[in-house]
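Open the model in your viewer and keep the selection panel at hand.

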Amino acid sequence: MKRYLNPRMLNPIILSVGVAALAVFYYFQSKSITMSYKIEKILLLSFEDYKQNGWPYDVYGPISHNHFNMPRSGQPLGWIIVDTIDTLMLAYNYTETDSTKKELLKNIEFVENWVDNELDYDMDSEVNVFETTIRMLGGLLSGYYLSTELNVGNPRVYFEKAVDLADRLALSFANSPSGIPYSSVNLKTGDAIKNHVDNGASSTAEFTTLQLEFKYLATISGNKTYWTLAEQVYEPLYKINDIVNQYDGLVPIYTLPDTAQFWGQNIRFGSRGDSFYEYLLKQYLLTHEQVYYDLYRSAIDGMKKHLVKRSYPSGLTYIAEKPDGLNGLTSSKMDHLVCFMGGLLAMGATEGYTIKEARTMNFWDSDREDDWLLAMQLTHTCYQMYHQLPAGLSPEIVVFNYPQTQRNQYEQISEAERASWWMSPTEDFFVKPLDGHNLQRPETVESIMFMYHLSNDATYREWGEEILNNFEQNTAVKRNGRVEAYTSLNDCLHVPTAKRDNMESFWLAETLKYLYLLFQDNVNLRDVVFNTEAHPFPVIDKASMDKLNLTTGWSL
């Protein structure tokens, strides 16, 4: 006998369901506000400690209060200061606490005054072109963008300083026959300097991670030269090495700048390889030049073919390395740096739309569906690299496990040596004693932030909350029972943790920023692109590009 709902019971049921849904909504909204407030306090505490004890130095130890500047001239680059500008601005924009808003504004004005009146890049010292571009130039440009967008501070200050710095960095391209810049440049003399090691080779990731910054600067300055210089590296790199056909879209981590030929065969998505792949996609997202999506697609297909593996016994997905080239043996080592790939794959699949929206778009296909599933799997793996550790924080490097019969020369070690390695509770990965440090890196929370906003799956906020709480508990510097700062760790394999007397600038520029954005509700990932240091730039519209005749200057 069929049973039908009594119409007279309908209104009370709808009401009760509505009340329950509303209760859930307010619970998560309250949780979001609570987490945002906590992150604001950690940000302000970290920055205030630096202001009091390390200002304006580039390198700072929160335990000893020791500090120094990196350039041999002794002048500050603004390493921590400039890197933090946009994090302060974003928090100022989102905070719902009046007292916090005032405190953030006070710090923004303090930073801006220093940048305007004290920061001077006319220094007789060589600097790394890549690091200075992503951190300093990127920080100044995002400061300009957010100052304009949020109506806070004076955009002119950041713009003028960015142009001055970019003009100095651009000289690194001057003497290279191939158009690939040398690794370093003297900011005063303009002398470009090759890498002092590795036969003078440049890191492949470094010279292919200048393009977002230089292309955005070209659009706001009207100077096309920035665009041309940054883009000119790709044609010789791709054509001389036949990357698409000979390397399946992947690249060794070193390139000789004079000839554009690869030096060595080491292929990996960790250090010196990572942001090469990141900027292929992000250039497409910034300017919608099709060639960069095509190159990204080629690289991701090559990655899936050669590097995507599963651990034993649980089948965690990871990205392996090929130290001796595509035809060589595989290493199951994975840097924490690789954990940005979850977020990158998700953005490459959806282009900033939610997954529900993206699956209805004309661009959706089986490749993108597979990318999305892989993004979920990799982000889960990177979360496990936190969740299974005693301190709840990831080590710098892990080595994934698989059966003894399948191991190659990179995994053939003595039982005595293996006994000294820390093994995860599920036995899926090991950590070598020298790899157990934690630098408060951002890559995992970066991917978690992207995955949350693209999926609206609350699980990612739960993961982020867990990681934040572990940072708060295990990286805190306490004096007389009071938290005064947060620092890196020498060891996250044991609790209590062994502290390292250093606060990396990306703790403020990236890690706290991505955690903060994770708990905001109106983050539109179609309007902005984050550079590899988490500095946001606005998507460049076609009209602006056409006005300045900014077009792709090469093709395959």
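Buried means under 20% relative accessible area, exposed over 50%, and partly exposed in between, with a 1.4 Å probe and protein chains only. By that cut-off, 60% of the 556 residues of the protein are buried. This is a predicted model, where local features need pLDDT of at least 70, side-chain atom pairs count only at pLDDT 80 or more, and totals for chains, interfaces and linings use all residues. Residues are numbered from 1 along each chain as its sequence is written, and side-chain values use heavy atoms, leaving out hydrogens and water.

Select everything and colour by secondary structure. The protein has 20 helices and 19 strands; these are DSSP runs (helices H or I, at least four residues; strands E, at least two), numbered from the N terminus.

Now switch to the C-alpha trace. Along the principal axes it spans about 85 × 60 × 55 Å.

Zoom in on residues 476-479, strand E14, and residues 482-486, strand E15. Which way do E14 and E15 pair, parallel or antiparallel? They pair in the antiparallel sense, over 4 bridges. Pairing here requires at least two DSSP bridges between the strands.

Pick lysine 478. Its bridge partner in E15 is valine 483.

Finish at the turn. The hairpin of E14 and E15 has 2 residues between the strands. Select asparagine 480 there: its phi is positive, near 55 degrees.
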